[in-house]
Amino acid sequence: MEIKKYRFNIHGDARGKLIAIEENSDIPFTIQRVYYMYDTVNGVRRGYHAHKHLQQILICVHGHCQILMDNGHEKVTVLLDKPDEGLYIANNIWREMFDFSDDAVLMVLASEKYDEADYIRNYEEFIAFVAENT
Ligand code: T46
């Protein structure tokens, strides 16, 4: 499976660092929603779902965590530990997030507003959906 990571420009000066992300140029879609998770309890694994349409960029802006991506044929695990690096997750990808450091802040840029109907939360349904749609 291809792992698509985006590297963002760091605007650094004597005061510190700043990263700016613009939709449709720094990332490949229009941003309709931003959310982030933090204070994740030690040992917790989140996600366990895929999306029918949603595309996302995951950025661990502080600390680190791991992301499992599964396209129904192949699984890959990606470490996110850089605030200037974004992991692209297309639709039709099962994802799980785990190994969060105590200080991890995982920010997500999403191409759509929140819609529970876009989620596939059952793994067998996901495999069937991939078979029908690829
Ligand atoms: C994803 C991974 C990376 C909302 O009300 N609005 C929102 O935009 C989101 C994302 C969540 N919620 C509510 C729904 C649940 O009651 O927040 C609660 C936790 O959401 P969820 O259990 O879906 O969280 P994760 O960490 O399993 O998954 C999230 C995203 O939902 C999902 O799209 O790809 O992060």
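**Aromatic pairs and cysteines in the predicted model**

The structure holds six aromatic pairs, a pair being two rings of Phe, Tyr or Trp (its six-membered ring) whose centres lie within 6.5 Å, with planes under 30 degrees apart counted as stacked, over 60 as edge-to-face and the rest as tilted. The model is predicted, with local features requiring pLDDT of at least 70 and side-chain atom pairs counting only at pLDDT 80 or more, whereas totals for chains, interfaces and linings use all residues. Residues are numbered from 1 along each chain as its sequence is written, and side-chain values use heavy atoms, with hydrogens and water left out.

Tyr6 and Tyr88 form an edge-to-face pair, at 6.5 Å centre to centre and 75 degrees between the planes. Because Tyr6 lies in strand S1 (residues 5-7) and Tyr88 in strand S9 (residues 85-89), this pair ties together parts that are 82 residues apart in sequence; strands are DSSP runs (E, at least two residues) and helices likewise (H or I, at least four), numbered from the N terminus. Tyr6 is buried, with a relative accessible area of 19%, and Tyr88 is buried at 15%, where buried means under 20% relative accessible area, exposed over 50% and partly exposed in between (1.4 Å probe, protein chains only).

Trp94 and Phe126 form a tilted pair, at 5.6 Å centre to centre and 40 degrees between the planes. This pair links strand S10 (residues 94-98), which holds Trp94, to helix H1 (residues 123-133), which holds Phe126. Both Trp94 and Phe126 are buried.

The count of disulfides is zero, a disulfide being a pair of cysteine sulfur atoms within 2.5 Å. The sulfur of Cys65 is 4.0 Å from that of Cys60, its closest cysteine sulfur, and is therefore too far for a bond.
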